Amino acid sequence: MATERAELAKLCRSRNWSKAIRVLDKLLAESCSIQDVCNRAFCYSQLELHKHVVKDCDKALQLDPNLLQAYILKGNALSSLGRKEESLLTWEKGYEIAVHESTDLKQLLELEELVSSSKPSIKEDLIKPITIKEDTKTVISESQSIDTITKTVIVEEPTGDNLVKQELSPVDINKKEGNKGVTITIKKKKGDDEDEESIKFDRKMFVTNLSSNNKTKSISLDLRLSRGIAQVNEGNYNQAISVFDQILKETPSYPEALIGRGTAYAFQRELDNAIADFTKAIQANPSAGEAWKRRGQAKAALGDFTAAIEDLTKALVYEPNSPDVLHERGIVNFKFKDFNSAVEDLSSCVKRDKKNSSAHTYLGLSLSAIGEYQRAEVEHLLAIKFDQSFLDSWAHLAQLYLDLANSEKAFQYLDKVLQVDARFAKAYHLRGLLYHGLGQHRTAIKDLSVALTIESSNIECLYLRASCYHAIGEYKSAAKDYDAVLDLELDSVDKFVLQCLAFYQKEIALYTASKVNFEFSQFNIDDDIDPLFKEYWCKRQHPKYVCEKVYRQPPLRISLKAGKINKQEFKFTKHQISLLQTADSIGRKIQYNCPGFLHNKRQYRMAGLAAIEIAQKVSKHWRVLRNAKKNGKPIKKKDKLSLTSQNRGGPTCSTTGGSTSASGSGSSSVYSSVEERGVSVHSLTWKDVYAIAVKWRQVSEPCDPVVWINKLSEEFNAGFGSHTPMMLGQAKVVRYYPNYERMLDRAKSIILNTKYVNNAEDRLIDLSGKLDMVKSASSCSDLYKLVGENFWVGTTCDSLAYEGKKLEGTRITTQKIDKIGYDFAIRTPCTPSRWDEYDEEMAFAWEALCEAYSGDLFASHDLSMLTSVKDSILRLTYYWYNFMPLSRGTSAVGYTVLLGLFLAANMEVTNEIPPGVQADWEAILSPTADRFVDKVKEWLYSSMRMSRGWKDHADVAAVFNTMGSVVAALSSYGN
């Protein structure tokens with residue numbers, strides 16, 4: 001110890017502050033002395049590393065709140081950082097202590113002079129106008145945001161499905177006017193409370209203050225070190241590396257030079273070399289917290305999050321509670337999707353560094369991921385409060401509101417950020433995304449186009465604009481944007497997925513364009529598009545194999561010959577407008593009033609028109625059945641009346657109807673003749689009914705792969721099915737996590753009943769000896785620990801068609817994701833055998849409904865007399881939801897058909913679905929159809945009224961008889 005003290009004194013006399021700090025680091029690692037902490041702060045002050053001064057002074061004041069030297073040094077550092085008001089407050093606090101408690105007159109007088117001399121300059125600073133630097137750069141990604149000043153280098157590497165973007169602190173050189181010294185400044189992320197550290201070298205010092213050769217050598221070393229840092233600051237990385245090479249040739253283990261060269265390597269994306277240098281610096285000085293921190297950053301940039309966190313944790317050993325390191329580790333934890341640890345680190349960071357906007361932003365993102373939405377909102381608002389020019393804070397707050405489907409607040413903050421910076425592309429992208437989610441595709445295109453004038457290669461904007469053009473029938477523009485997406489050079493897995501989707505979507509756009517002027521029945525993705533293509537489209541897989549095996553659509557010029565929508569399609573008559581208004585009113589009843597579900601008016605119109613068309617066809621079918629019964633001539637299903645012009649469900653669906661006409665009256669005449677003669681007609685099947693809604697759903701949002709699963713490739717035999725997560729790792733899925741507790745209870749009850757679970761290979765795992773532990777499990781992680789591996793349990797549905805038979809329902813799955821969390825989800829396998837069982841069950845439920853309404857209750861005006869009909873509709877809906885026969889859209893299609901069937905029975909649903917209720921989840925959670933009926937009728941039946949108003953409208957199939965007219969009807973909202 002005495003030897004080290006002697007060495008420390010020698011180094012201070014020779015002004016070798018860097019080595020003095022290393023000695024103090026070693027001493028403090030052995031025992032934390034207040035005086036040594038202050039000594040290190042003094043050494044840092046000599047090197048003008050002001051942020052480190054503040055940290056050491058804060059540490060000293062925690063140990064001794066009356067330490068006047070710490071107040072003096074901290075105030076000086078804060079003043080040098082430009083934080084005049086904070087420096088004055090620090091000195092005033094020290095002065096107050098000195099007046100009442102100190103006997104050190106020298107320090108009291110020094111504090112008095114500092115306080116008195118600083119007040120005029122504070123006053124002057126307060127009247128200076130606030131300006132925003134023009135050279136502020138902003139880098140945004142889906143998962144993070146960083147706002148920096150001057151040069152910023154983002155190192156991007158893919159890891160799994162996510163792009164990792166890691167920023168290594170940019171540096172710049174600032175030559176002060178009127179001063180013959182040079183200040184080297186290392187800039188930190190904007191939003192840090194202390195946003196820069198400086199090393200000032202006074203040229204006069206080398207002439208007048210030093211005389212010995214050793215002193216000159218030490219200063220020469222520091223001077224060359226400063227030159228290397230300056231080269232890094234100016235972006236001259238090769239020159240910087242050359243300078244550091246010379247230093248290291250003379251002093252191979254000089255830590256500061258190794259850290260400097262490692263930083264230069266990092267900026268050149270030579271991360272392996274950077275890590276090697278940081279490692280050597282650590283070997284030379286194991287207590288060099290800066291080296292641990294920077295190596296952690298570099299490892300994070302390579303996607304090695306576990307090792308990065310280990311290094312940053314080690315840095316905290318040598319810099320306990322350092323806000324800077326806590327901030328860095330919090331960001332890495334966020335990228336590692338360890339959101340709970342991120343919240344812990346970032347919360348600790350903002351307690352010590354209250355004005356760190358970046359930390360508040362990442363804390364908001366992490367809280368949002370774990371479902372703490374109100375706290376997330378508060379953190380984003382604090383980030384904005386402390387730095388209104390930090391654009392990413394605004395963007396992430398707007399994204400939070402968008403995720404929660406609070407469109408009003410999302411618009412509010414997007415408008416505000418565009419007032420701060422009218423060329424902030426991310427804000428236009430988010431607003432375009434919001435308009436798209438609200439069904440206002442034309443308005444979305446305007447914002448996305450503005451974003452693309454700012455960032456022409458923004459793949460998210462290009463893809464979203466292409467999908468908007470696609471939806472409104474502007475296929476030429478859509479194809480152009482899809483091609484632009486395909487031509488981009490990509491740097492992440494997420495973007496590659498969009499590129500794959502662009503390939504599939506362009507093919508669908510070309511197919512749709514070729515059908516625009518044909519009857520809507522000719523649009524038939526399920527039968528016309530190759531099953532393998534649909535399989536890969538649904539799974540978002542690489543299209544290379546598809547290109548080799550599947551017939552491609554004709555080129556754009558050929559498809560567009562028949563694919564240009566006539567502008568006349570967008571000019572509606574009064575009768576058509578009245579029909580659209582009624583459809584909007586009916587369709588809005590499909591809305592889920594739950595977080596995450598935007599109010600999409602385009603989807604309302606889709607659902608309303610589909611429901612009316614279903615009602616028109618089903619009511620005619622029921623009338624035929626009724627008349628056949630009255631005439632005593634039962635319908636023979638083997639005889640069919642094929643009228644393809646009314647076959648809106650496609651070739652697989654043989655609905656009865658008549659020839660189309662402008663007035664929509666053609667079909668009724670065919671039905672009249674059938675009814676009068678009592679001849680045999682083809683019976684309307686359950687699939688015919690649902691196929692009407694499916695087709696409307698396919699057109700309403702063409703970028704959603706909505707297809708019948710049994711129309712996919714041979715993968716159907718392997719059990720292709722839906723996957724709906726409630727939790728992904730530690731992230732709570734905003735739409736579906738509200739069902740977590742009920743689904744967990746359902747899983748527990750199944751295990752307690754069956755006494756086993758199935759593992760990933762479908763082998764049974766006996767849990768009969770662990771049932772008490774199952775009962776006490778409070779989370780999916782508790783259940784996983786009991787089982788010891790990934791597992792699933794299956795719900796069942798009681799059959800209506802066969803008493804005592806159990807149908808396979810939904811699988812509740814638990815899968816471990818690395819070490820940080822679990823995928824807790826519902827999955828629905830659709831094997832051929834399961835399909836056949838549900839097909840039979842749906843047919844039975846459909847025939848029971850037809851029998852209930854076409855009997856003595858036909859055309860009843862008394863709601864109380866129609867209970868059996870209402871219950872039958874709900875039972876059919878129950879089996880549809882548990883069936884899950886579509887790749888997407890099962891929920892919307894199911895409720896749309898429900899509305900249409902009630903209309904067909906002259907019953908109108910007048911209220912929306914209650915807040916917090918998701919009808920499809922109610923069905924999945926109900927073991928029997930009757931249980932589902934009991935749950936839903938509590939809120940549904942009371943909102944119903946007898947209504948025949950929909951019958952005043954012309955036949956939907958006749959009014960919108962072509963593909964072009966359907967697209968026009970869905971795309972005219974708000975025009």
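This is a predicted model: local features need pLDDT of at least 70, side-chain atom pairs count only at pLDDT 80 or more; totals for chains, interfaces and linings use all residues.
**Whole protein.** Switch to cartoon. The secondary structure comes to 43 helices and 16 strands. Colour by burial: of the 975 residues, 57% count as buried. Residues 24 or more positions apart account for 64% of them.

**Phenylalanine 42.** Select residues 34-46. This is helix H3, and phenylalanine 42 is found in it. Show the side chain. Phenylalanine 42 has a relative accessibility of 34%, so it counts as partly exposed. Then pick isoleucine 21. Its C-alpha lies 9.5 Å from that of phenylalanine 42, at 21 residues apart in sequence.

**Helix H24.** Go to residues 475-487, the 13 residues of H24. From first C-alpha to last, H24 reaches 18 Å, close to the 18 Å expected at 1.5 Å a residue. Select Tyr475, Ala478, Ala479, Asp481, Tyr482 and Val485: these are the buried residues of H24. Look down the helix axis. The buried residues of H24 fall within an arc of 165°, so they line one face of the helix. An α-helix has 3.6 residues a turn, so residues three or four places apart point the same way. Finally, turn to the face away from the buried side of H24. Lys476, Lys480 and Asp487 are the exposed residues carried there.

Terms used
Residues are numbered from 1 along each chain as its sequence is written. Side-chain values use heavy atoms; hydrogens and water are left out. Helices (H or I, at least four residues) and strands (E, at least two) are DSSP runs, numbered from the N terminus. The expected span of a helix is 1.5 Å times one less than its number of residues. Buried means under 20% relative accessible area, exposed over 50%, partly exposed in between (1.4 Å probe, protein chains only). The arc is that of the directions from the helix axis to the C-beta atoms. Contact means heavy atoms within 4.5 Å.
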